Amino acid sequence: MSLQELSLYGAVPSSRHATVLSTLSAITGMRPLRVLQHHLVFSPTSASVSGALHPSIGPAATQLEASRIDVHRDLAGPVKSSSSWTLTIPTIPESGKRNVQVQYINRTTFRPGDGDDNDNDDGSDNTGLLFRFLRALDYVYAYDYLERGYLFVYGGMVIIKVTQLSPQSPPQLHEIPVGDEDELVAANVAQSRDPANAKFLATWVVHAYVDILTGPDSTGDDLEKVRIGTERLEALKAEIGGIITIPDRGILDPRVQLGK
Amino acid sequence: MASRSPVVKVDPAMDAASVPVESLESIRLRLSQLTHWLNRLQALVQQPTLPPWQTLHSQFAMVLKQLAALSQTLNQHADTLRATNAYPLPSFPVVQETWLLTTLLRKRVEPEVEEWIKAGAQEGAVQQQQQPNALDPPGSGTTKPRVPDDVWNFARDVVDNERESRAWDGVFTGEELMSNNEGDQKDTSTIGPGREGDVEVSLEQVLRYVYQGVDVHEPVHKVVVNTSVRGPARK
């Protein structure tokens, strides 16, 4: 699924997050939905640059660098393995002076095969498969983090996430043959990330975004949707008094330099 | 003892059929329950250490309930009771048991009970008088005030002051607006220890971590872009 994402970001110190939450709740007219997600980020290796990973949508079609892949899943359910992983491949945001940030991303949900008759009740098997799949595309695990917070919907289009992150230190591994490394890292990562005990950063990140379907699945009225989405985001920005803004596009550059 | 209806019937034997057994029985039941609960309450209060107020409160509630039931029963059988007269049968040994007889047949209440009844009647009359003037603030006039007027005025002043000293819309507090006008927001990599004992990081640092894996606590001088394969970048 190819998306064009219009975004505005903001940061709120923890001392004021309750105020912001109640303000957003009043603006959107809804109680916040809880968000609890586990994100893994994979980097492309220099072994080879697989053509399948270059985002082929949007003006940034010919990249020499490949993007990192962010994989995330919900931890809110009772059983970890019941939720499936979602892959997101972002590109560097568009340049140019504009009111909202525009970024093209590709997103898909990773589902294990139906013939999966493993009867494990923890998520280790699922995560191991994920690691092996990405390894097959020459992507290796780089780092991961937990994300928890709240989610609002504004104007039927804008999704506002107010979350805290908990960066996790990557598991330290000694010399291990390449084949087994994935399994160990996967098992470690999937099981040792405990949201209840994780240390979250004190800053809350506000991310207001509109995802517009582009590319082969779009319905052809992308420009109109972009215009409306931009309007909604700007309206939201006005309503919450300038908390959200556009960060430097270099910061959101997910690309990795690959040696030739 | 026997009772009979106002219809005069000369019948030396006790007329068992005219005794209003059900009424008396139900009243007796209510009275015995009330006595039981009152005894329990008294026992609770007289303990060496007083039990928690919840227990006392629940007992008291039970007593009130019993009282209500009793008054309802009395009301129900009022007609029957009004028409009932207790009198001794000829076979009662009046001369020996004069004191017992007068005790049982006495209808006059004790002096202090009389006081209570008088006070209650007065209160009731006053309440009824106040009914048409229910919209006036309590405490006006010579009736017993519940909350004095000046307490209400004081409360109103306090609420007004509190309300005016706060802005009820907008997101930033007064102090933050002032400090934000002076300081530069983009530049802060540490704002001070947050509540969780962690250093507040800026938006740029967080986003840089999310997209590039650069350590969150690395300050943002100019844009530090991490294009290395493995992250988070450690220096």
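This is a predicted model: local features need pLDDT of at least 70, side-chain atom pairs count only at pLDDT 80 or more; totals for chains, interfaces and linings use all residues.
**Notebook: a buried Glu and some salt bridges**

Started with B:E204, which sits in helix α8 (residues 203-212) of chain B. I looked up the accessibility of B:E204 and got a relative accessible area of 11%, so I put it down as buried, the cut-off being under 20%. I also checked B:E204 against B:P219: they are 15 residues apart along the chain, and their C-alpha atoms are separated by 9.1 Å.

Next I turned to charge pairs. Searching the whole structure gave me 8 salt bridges over all chains.

I looked at A:E147 with A:K161, where the closest N and O atoms are 3.2 Å apart. A:E147 is in strand β7 (residues 139-154) and A:K161 in strand β8 (residues 158-168), both of chain A, so this pair ties together parts 14 residues apart in sequence. I find A:E147 buried at 6% relative accessibility, and A:K161 is buried too, at 12%.

Then I went to helix α4 (residues 222-239) of chain A, where A:E224 and A:R227 lie 3 residues apart, about one turn of the helix. Their salt bridge has its closest N and O atoms 2.7 Å apart. I get 38% relative accessibility for A:E224, partly exposed, and 42% for A:R227, also partly exposed.

Last pair: B:R163 and B:D160 meet in a salt bridge at 3.1 Å, N to O. They are 3 residues apart in helix α6 (residues 149-164) of chain B, so about one helical turn separates them. I have B:R163 as partly exposed at 45% and B:D160 as partly exposed at 26%.

Key:
Residues are numbered from 1 along each chain as its sequence is written. Chains are lettered from A and ligands numbered from 1 in the order in which they are written. Side-chain values use heavy atoms; hydrogens and water are left out. Helices (H or I, at least four residues) and strands (E, at least two) are DSSP runs, numbered from the N terminus. Buried means under 20% relative accessible area, exposed over 50%, partly exposed in between (1.4 Å probe, protein chains only). A salt bridge is a side-chain nitrogen of Lys or Arg within 4 Å of a carboxyl oxygen of Asp or Glu.
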